[in-house]
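Please look over the sequence and the structure shown below before reading the briefing.

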Amino acid sequence: MLRVIQRRRIKKVIKLLSAKLIKGYGSRKFFSLGQIKASTSTFSARQYQIAVALYADPQDMNIEQTPALKLLRNDVSHDFFDGNDYTGQDVLNLLALGGWKGGRIDDDMSNRFGMGSRY
């Protein structure tokens with residue numbers, strides 16, 4: 001149960017922070033701790049910790065001396081990247097997946113009310 005809650009928190013931080021980081025600093029491999037701190041000024045302490053684990057360079061945050069961040073990075077690695085190491089750019093790419101890519105609408109109700117409708 002705790003893993004489900006943690007995964008939801010991680011997804012929420014990815015959804016909220018990815019657009020802010022791209023708009024403010026562009027797309028890059030890793031973001032600095034100052035950029036993350038400035039973008040997460042309205043976040044809780046736990047969300048800030050998740051953001052650092054997601055987007056910061058592991059070399060910059062002394063991951064060996066911070067076991068909580070090391071555990072978070074391992075959880076993200078296993079949950080979203082099949083146990084492989086990841087960068088901030090990989091996390092940004094997670095948000096872009098999915099959704100309607102255009103093409104023909106085969107559903108009659110969507111044709112009448114539009115793709116964004118909930119009928």
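This is a predicted model: local features need pLDDT of at least 70, side-chain atom pairs count only at pLDDT 80 or more; totals for chains, interfaces and linings use all residues.

Residues are numbered from 1 along each chain as its sequence is written, and side-chain values use heavy atoms, with hydrogens and water left out.

**The whole chain**

- The secondary structure of the protein chain comes to six helices and zero strands, where helices (H or I, at least four residues) and strands (E, at least two) are DSSP runs numbered from the N terminus.
- Of the 119 residues of the protein chain, 32% count as buried, a term that stands for under 20% relative accessible area with a 1.4 Å probe, protein chains only.
- Among contacts between residues at least 6 apart in sequence, 52% join residues at least 24 apart, contact being taken as heavy atoms within 4.5 Å.
- The accessible surface of the protein chain comes to about 7900 Å², and 52% of that surface belongs to carbon and sulfur atoms; the areas come from the Shrake-Rupley method with a 1.4 Å probe.

**Helix α4**

- Helix α4 takes in residues 67-80, which is 14 residues, and reaches 20 Å from its first C-alpha to its last, close to the 20 Å expected at 1.5 Å a residue, the expected span being 1.5 Å times one less than the number of residues.
- The buried residues in α4 are L69, L72, R73, D75, V76 and S77, and what covers them includes α1 (2-25) and α3 (45-55).
- After α4 comes D82, which has a positive phi near 55°.

**Packing of α1 on α4**

- The axes of α1 and α4, which are lines fitted to C-alpha atoms over the stretch in contact, come within 11 Å and cross at roughly 90°.
- From α1, the residues R3, Q6, R7, I10 and K11 meet L72, D75, V76, D79 and F80 of α4.
- The residues of this contact divide into four nonpolar, one polar and five charged, with Asp, Glu, Lys and Arg counted as charged.

**Residue S77**

- S77 lies in helix α4 and is buried, with a relative accessible area of 8%.
- Leaving aside its neighbours within four places in sequence, S77 is in contact with D82, G83, N84, D85 and Y86.

Note on methods. Buried means under 20% relative accessible area, exposed over 50%, partly exposed in between (1.4 Å probe, protein chains only). Axes are lines fitted to C-alpha atoms, for helices over the stretch in contact, and angles run from 0 to 180 degrees between N-to-C directions.
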